[in-house]
Amino acid sequence: MEDCIFCKIAAKEIPGKIVYEDDACIAFLDLSQTTKGHTLVIPKAHFDSVLTADPEVVGHVFQVAAMLANKIVKNLGASGCNILTNAGEVAGQTVHHFHIHIIPRYDDQDTITIQFSDNSKTSDLDAIQKEILK
């Protein structure tokens, strides 16, 4: 896509701090650096999100993300990391090119919060399962 900033980084039309590259994907430091080492892994081919990407591409990009996450955690001395992708604006996606965030975590006082709500008392798991399996 002509206006996609991630396509431009992948094509080397604009600079990025690249930490990994192969024929199918590229990884570079996120400008925001939510935590030290925050990295994005993207396919070189344009897909709007994980929901529209070819399954083979998704698999490869996640394999690279897992490999890089281990390297980042080890080399930067992190205690763990979050590996995530956002699909759609409602989910927080701001660049519409499939990408995976690797966010190193150093302690529970770092600058990112991911919180899951407990709706177990009001959720009907049987009904939800049936809806998914339609």
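**Exercise 1.** Find which residues touch the most other members of the largest nonpolar core.

*Solution.* Start with the term: a nonpolar core is a set of buried Ala, Val, Leu, Ile, Met, Phe, Trp, Tyr and Cys residues joined through side-chain atoms within 4.5 Å. Buried means under 20% relative accessible area, exposed over 50%, partly exposed in between (1.4 Å probe, protein chains only). The largest core has 15 residues, and Val-41, Val-61, Leu-68, Phe-98, Ile-100 and Ile-102 touch the most other members. Next, see where the members come from: H2 gives the largest share, seven residues. Helices (H or I, at least four residues) and strands (E, at least two) are DSSP runs, numbered from the N terminus.

This is a predicted model: local features need pLDDT of at least 70, side-chain atom pairs count only at pLDDT 80 or more, and totals for chains, interfaces and linings use all residues. Residues are numbered from 1 along each chain as its sequence is written, and side-chain values use heavy atoms, with hydrogens and water left out.

**Exercise 2.** Describe the aromatic pair that a search of the whole structure finds.

*Solution.* Recall the rule: rings of Phe, Tyr and Trp (its six-membered ring) pair if their centres lie within 6.5 Å; planes under 30 degrees apart count as stacked, over 60 as edge-to-face and the rest as tilted. The search finds one pair. Phe-6 and Phe-28 are its partners, 5.5 Å centre to centre with 70 degrees between the planes, so the pair is edge-to-face. Now place the partners: Phe-6 lies in helix H1 (residues 5-10) and Phe-28 in strand S2 (residues 25-29), 22 residues apart. Finally, check burial: Phe-6 counts as buried because its relative accessibility is 7%, and Phe-28 is buried too, at 3%.
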